[in-house]
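Visitor: I am new to this structure. Please pick one part, look at it closely, and tell me what ties it together.

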Amino acid sequence: MFTSGHYITADQHNYWNHFSIKQLLFVIVLLTSNVEINTHKLNLTESGPNQEINCTIYRSCTQCTDESICSWVFEKQICLYSNQSLSENYTMVTKQYCPKYIINLKIIDEHYWIQIKFSNTVVKLLDNIFNDDAVFRCAIDNVIYNASYNNGLVSCKWVKESIISLETRRSIDINPLHILYFSIIFDNDSTLKFDDPRDHYINYLHSLNCPEEKCSVFYWESNLRKYYCKWCLKTNGCRLTAESRCSCDVRHVYTNEKLLNDDPALTTIEVKSPDLAIESFKPDVLPITRKLSTVVSISVNNHRIFDDGRSTTEVTVAGQSCDNPTAIDDQTINCIVSERNDKTLAIEGPVQIKYSWTTSTRKVILRSSKKFKFVVPSVTAVNPTCVPATGGTRIELTGQYLNATTDVQVLLKNNGTKATCEIFELSRDRIGCVTAANSKSLEPGPLMIVFDNMIGVYTKENFSYVADPTVLDGQVFAGIASGDVPLIVRGSFDCTKNQQVYVDYNGERHFGHCAVRNSCNDSAMMYCWPPKFGSPAQMTRLPLGFRIELADKVVFVPQQTHYSYLLYPDPIYTDFEVYNVDTIRVNGVFPDPLQRRQLNGNYLLEVVLLGGPLDEDEDIFFTVTAITDNYAECQYLPDTSFDDILKS
């Protein structure tokens with residue numbers, strides 16, 4: 001809607017009013033709220049779009065134009081919604097065209113002069129505003145002085161140097177920094193607002209008499225007050241230091257009226273400047289029940305300003321005292337939280353530092369935005385829950401506030417006080433440790449995590465030490481080339497997973513999968529389905545073994561005697577014949593693994609007549625009663641004899 005990157009005059013606004021009437025009508029439909037604008041003596045009530053952004057709260061050009069829907073009206077020094085500013089002169093719609101300033105305090109002919117040098121293209125705009133007929137002034141602590149303008153330079157002639165005597169300047173009974181507030185007032189009574197609010201403050205005596213003084217300026221605003229503080233390091237050449245009760249200039253946010261030093265609200269000043277703040281603290285949590293005192297290290301940006309041989313410091317964490325505060329360097333304070341815990345106080349809250357001086361009743365407080373907490377650690381999970389009794393397995397416990405103290409032990413509840421795990425990693429939400437060997441107890445139970453030898457927290461899951469997986473000796477493992485004959489493996493397989501059987505054949509290792517059956521009641525049995533091979537001409541003996549995972553480690557089950565896999569050819573079917581009325585004999589070649597009965601008493605081989613003659617959609621199942629090398633004998637048990645079925 002506006003020319004990009006420029007300020008717009010009234011003539012341009014009239015052009016847009018004519019050219020974009022339909023667009024403006026559409027925008028006006030969205031105007032639903034009323035916003036009251038307060039800027040010194042100017043009070044307006046305007047309508048604004050129904051949006052969360054409130055343009056009128058911005059008090060500088062750069063803040064205003066950072067929002068795409070806002071524009072800065074230079075003559076009135078206010079921020080409006082862009083559609084509201086159409087009738088105004090000299091409106092900035094982009095940040096790069098906001099005025100830039102350089103402010104100097106000089107002595108010319110024994111007079112003080114405040115000079116504001118404008119740069120960038122706004123100088124042409126000022127030439128139009130500050131013409132020969134324009135009248136504007138400067139205000140210094142609400143005292144009005146005449147000002148002049150020439151080619152982008154505003155000059156404010158202040159007061160003769162001789163008016164303030166040398167004795168008065170040196171007196172500590174007045175403000176030695178002489179922090180004053182000044183502003184430029186246009187002839188329409190609007191006040192020029194600098195992008196950096198600190199540019200409105202001057203402290204002329206300090207700047208002239210102590211140019212080498214090392215000082216830091218801090219500025220912040222609360223809801224009703226704005227604070228400008230200039231604190232200096234102690235030196236031999238100047239007495240203008242941070243202990244002065246007048247190092248801070250406190251004013252009303254909107255009226256700029258200076259608040260008196262005897263205002264009770266100013267006895268303790270809470271600093272909210274990012275340049276003077278508590279940046280971090282370690283540790284940031286402690287157990288609510290403690291056995292030992294703990295050192296808390298607090299990092300404070302610009303702490304050196306107050307640790308200059310003159311101040312005393314009080315520190316609290318979550319409302320509890322942190323004793324013996326000691327400056328370690330320019331930005332670090334160490335203090336001690338005792339083992340005693342006042343349970344009547346809050347369990348969480350900010351870290352607070354209070355600075356005070358022996359020469360003044362005024363105190364300065366810093367409060368951290370982050371909270372310090374007194375906590376009870378908790379454990380939510382442990383993985384894995386089963387480990388070998390031989391030890392050496394890494395386990396991980398997860399939870400909250402696990403590093404609230406460095407004195408942490410991991411024990412098995414029913415294993416006395418002997419540590420179960422050697423901790424190698426300790427963080428807020430994780431403990432990593434390596435298990436010790438355990439020959440005392442293989443009974444499952446919860447793990448107990450002990451903090452400061454005082455707080456014990458248990459895991460919800462039971463934790464188990466188990467024997468390494470084993471396969472019992474004396475077993476015969478045989479199968480057929482198609483791999484369809486399962487191997488029943490007896491041994492110990494507690495807490496194992498991803499079990500596999502492997503067979504070495506022609507120089508290669510071939511794997512098949514396994515599964516532990518009835519693991520809840522009997523984990524001493526495993527079913528394995530061996531790999532498939534091409535059918536050999538006769539039985540072949542091959543090396544066999546087992547690969548198992550226990551506690552996320554791969555274990556190749558050790559063998560006291562080498563296992564063998566007896567690989568038989570697949571069965572061959574030739575024909576069948578009927579005996580009596582309900583018995584048939586299926587002829588062929590049936591290898592040894594098919595001649596053995598399973599644990600439930602049945603043979604692995606099943607004989608089925610597909611699509612029987614009585615009903616082409618119904619298969620007929622036979623009960624296998626015996627298997628030999630050359631035949632499988634079966635019976636048909638229903639009332640109708642198999643002979644009758646064949647005849648039908």
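Guide: Start with two cysteines, Cys-514 and Cys-528: both are buried. Buried means under 20% relative accessible area, exposed means over 50%, and partly exposed lies in between (1.4 Å probe, protein chains only). A word on the basis: this is a predicted model, in which local features need pLDDT of at least 70 and side-chain atom pairs count only at pLDDT 80 or more, while totals for chains, interfaces and linings use all residues. Residues are numbered from 1 along each chain as its sequence is written, and side-chain values use heavy atoms, with hydrogens and water left out.

Back to the pair. Cys-514 and Cys-528 form a disulfide, with their sulfur atoms 2.0 Å apart. The cut-off for a disulfide is a pair of cysteine sulfur atoms within 2.5 Å. Such a link is a covalent bond between the sulfur atoms of two cysteines. The torsion about the S-S bond of Cys-514 and Cys-528 is 110°, and the link is right-handed. Strands (E, at least two residues) and helices (H or I, at least four) are DSSP runs, numbered from the N terminus.

Next come the charged links. A salt bridge needs a side-chain nitrogen of Lys or Arg within 4 Å of a carboxyl oxygen of Asp or Glu. Asp-484 and Lys-532 meet this way, at 3.7 Å from N to O. Asp-484 lies in the loop between strand 36 (477–480) and strand 37 (487–492), and Lys-532 in the loop between strand 40 and strand 41 (540–550), so this pair ties together parts that are 48 residues apart in sequence. Asp-484 is partly exposed, because its relative accessibility is 48%. Lys-532 counts as exposed, at 59%.

Lys-497 makes another such link. Its side chain meets that of Asp-552 in a salt bridge, at 3.1 Å from N to O. The two lie in distant parts of the chain, 55 residues apart: Lys-497 is in strand 38 (residues 496–505), and Asp-552 is in the loop between strand 41 and strand 42 (553–556). Lys-497 is partly exposed, with a relative accessible area of 40%. Asp-552 is partly exposed too, at 48%.

Move on along the chain. Strand 44 (residues 572–579) holds Val-578. At 31% relative accessibility, Val-578 counts as partly exposed. Together with Tyr-573 and Phe-576, Val-578 forms a nonpolar patch on the surface, with about 290 Å² of accessible area in total. Patch members have over 30% relative accessible area and no salt bridge; like charges are joined within 9 Å, and nonpolar side chains (Val, Leu, Ile, Met, Phe, Trp, Tyr) within 5 Å. The areas come from the Shrake-Rupley method with a 1.4 Å probe, and for residues only the protein chains shown count as cover.

Then comes Arg-585. Arg-585 forms a salt bridge with Glu-633, the closest N and O atoms being 3.0 Å apart. Arg-585 lies in strand 45 (residues 583–589) and Glu-633 in strand 48 (residues 631–635), so the pair ties together parts that are 48 residues apart in sequence. Arg-585 is buried, with a relative accessible area of 19%. Glu-633 is partly exposed, at 21%. Cys-634 counts as buried, at 0% relative accessibility.

Now set this part against the whole. The structure has 20 salt bridges. Elsewhere, Asp-141, Asp-249, Arg-251 and Lys-258 are linked in a network of them. The disulfides come to 9. One of them joins Cys-61 and Cys-98, with sulfur atoms 2.0 Å apart. The torsion about that S-S bond is about -75°, so the Cys-61 to Cys-98 disulfide is left-handed. Cys-61 is in helix 3 (residues 61–65), and Cys-98 is in the loop between strand 6 (91–92) and strand 7 (100–108), 37 residues apart. Both Cys-61 and Cys-98 are buried.

Cys-64 and Cys-79 form a disulfide, their sulfur atoms 2.1 Å apart. At 80° about the S-S bond, the link of Cys-64 and Cys-79 is right-handed. Cys-64 lies in helix 3 and Cys-79 in strand 5 (residues 78–81), so the pair ties together parts that are 15 residues apart in sequence. Cys-64 and Cys-79 are both buried.
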